[in-house]
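Hi everyone, thanks for coming. Have the sequence and the 3D view open while I talk, and follow along with me.

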Amino acid sequence: MSSEAVRSARAYLLRVAEPPAPALWHFVSEHGPVEAARRVAAADVPDGVAAETTARRRLDLAERDLDLAAAQGARLVIPEDDEWPAWPLLSLEVAIGRGVEGVAPPLALWVRGKAMLAEVLASAVAIVGARAATDYGESTAAEFAYELTGADITVVSGAAYGIDGAAHRGALAAAGVTVAVLGCALDAGYPAGHVGLLNRVAQQGAVVSEYPPGTQPARHRFLVRNRLIAALTTGTVVVEAGRRSGARNTATTAGALGKVVMAVPGPITSALSVGCHQLVRDAQATLVASVADVVDTVGRLGSGLVHRGDGPRRHTDGLDPESLRVYEALPSRGGRSPEEIATESGVGLQRVRAVLPALELDGFAQRCDAGWRQRAGRGTRAGREAR
């Protein structure tokens with residue numbers, strides 16, 4: 001099957017179903033995108049898939065959408081691409097497998113910007129908060145973003161006014177990488193006051209959406225995109241949030257996905273800090289007052305390697321104790337899920353999910369169809385040091 005046919009099929013499926021579309025996602029996983037697209041167009045699908053696609057199944061605009069995106073300097077990134085952020089988005093698959101509603105993984109992502117998603121999202125933190133932010137909130141968000149990008153951490157947010165915009169600007173000021181996730185199409189020009197900001201984000205990072213060209217913003221779409229902000233990052237920092245807000249929705253989703261949730265404290269007299277304080281009081285978030293707190297809370301984004309001057313004698317001597325336990329819980333054949341690895345190693349699931357990508361980057365582990373396993377014939381950095 002040609003890559004063009006697969007990309008076209010996924011572009012069609014993105015157009016005909018309003019995300020998240022769990023029934024369609026399962027259907028595509030079972031039959032593949034090309035066959036799934038053919039059957040959706042022919043109305044030869046189960047009832048659940050029909051409910052998600054019937055209203056738009058005749059809208060075969062895939063080639064037009066791909067051409068429009070290309071004309072705007074955008075591309076469609078699909079799970080079959082090397083740059084697909086498979087590891088971060090795995091949290092959505094795990095959650096939907098546990099029966100969590102409203103968190104189906106995206107079928108593909110429209111992207112504008114030169115940054116390769118899998119690369120820049122390997123170490124990423126979300127900064128979210130109120131649109132009607134205070135000066136305190138905006139300066140805090142900008143400062144956190146500036147310092148995080150200085151530590152080679154990608155800042156992800158939603159490009160809204162207030163805290164989101166301040167976070168993007170802080171990252172850009174540090175010449176760092178930032179990713180904006182939209183609740184509308186890339187070409188919607190929303191919010192109007194941030195069109196210039198989004199152009200700058202695309203130059204230094206990426207602007208991402210699962211909505212095809214021409215899709216206008218809507219309240220439910222912003223709530224839906226929040227699951228992507230939560231999933232694409234290791235942790236979410238809430239800077240300012242009311243008692244009920246989109247930022248709290250993102251935090252709640254991040255918690256449901258097993259991601260780290262953090263909240264910045266504010267004045268007890270500020271209505272925009274009520275949500276942050278409530279998250280901490282209800283033990284749904286860790287209080288953070290500095291970037292050092294953030295890095296410490298997310299465990300340095302899963303980096304399990306420590307550096308020793310005396311030189312390791314074994315290839316695993318460069319691993320800290322938790323990472324070594326996770327590594328030893330990996331099978332040499334077949335594969336294990338993060339949940340099974342957590343049970344076997346005795347390391348918490350959240351920590352396991354953070355450690356596994358670091359082990360993969362350093363050549364200790366590899367993903368397979370069945371989950372994770374030890375990398376065979378390892379020619380890793382640590383291994384080279386040991387020889």
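Let's start with how I name the parts: helices (H or I, at least four residues) and strands (E, at least two) are DSSP runs, numbered from the N terminus. With that, you can find alanine 43 in the loop between α3 (33-41) and α4 (47-53).

Some ground rules. This is a predicted model, where local features need pLDDT of at least 70, side-chain atom pairs count only at pLDDT 80 or more, and totals for chains, interfaces and linings use all residues. Residues are numbered from 1 along each chain as its sequence is written, and side-chain values use heavy atoms, with hydrogens and water left out.

Back to alanine 43: it isn't a glycine, yet its phi is positive, about 60°. Is alanine 43 buried or exposed, or something in between? Buried means under 20% relative accessible area, exposed means over 50%, and partly exposed is in between (1.4 Å probe, protein chains only). Alanine 43 has 44%, so it is partly exposed.

Alanine 159 also has a positive phi, about 65°, without being a glycine. You'll find alanine 159 in the loop between β4 (154-157) and α9 (163-173). At 1% relative accessibility, alanine 159 is buried.

Now the rings. Rings of Phe, Tyr and Trp (its six-membered ring) pair if their centres lie within 6.5 Å; planes under 30 degrees apart are stacked, over 60 edge-to-face, and the rest tilted. How many aromatic pairs does that rule give? The count is three. One of them joins tryptophan 87 and tryptophan 372, edge-to-face, with 5.2 Å centre to centre and 90° between the planes. Tryptophan 87 is in helix α6 (residues 86-97) and tryptophan 372 in strand β11 (residues 371-374), so this pair ties together parts 285 residues apart in sequence. Tryptophan 87 is buried at 17% relative accessible area, and tryptophan 372 is buried at 1%.

Tyrosine 327 and phenylalanine 364 also make an edge-to-face pair, at 5.6 Å centre to centre and 80° between the planes. Tyrosine 327 sits in helix α15 (residues 321-328) and phenylalanine 364 in the loop between α17 (349-361) and β10 (365-368), so parts 37 residues apart in sequence are tied together. Tyrosine 327 is buried at 9%, and phenylalanine 364 is buried at 0%.

Last stop, the prolines. The peptide bond from proline 19 to proline 20 is cis, with omega near -5°. Proline 20 is in the loop between α1 (3-16) and α2 (22-31). The bond from tyrosine 190 to proline 191 is cis too, with omega near -10°.
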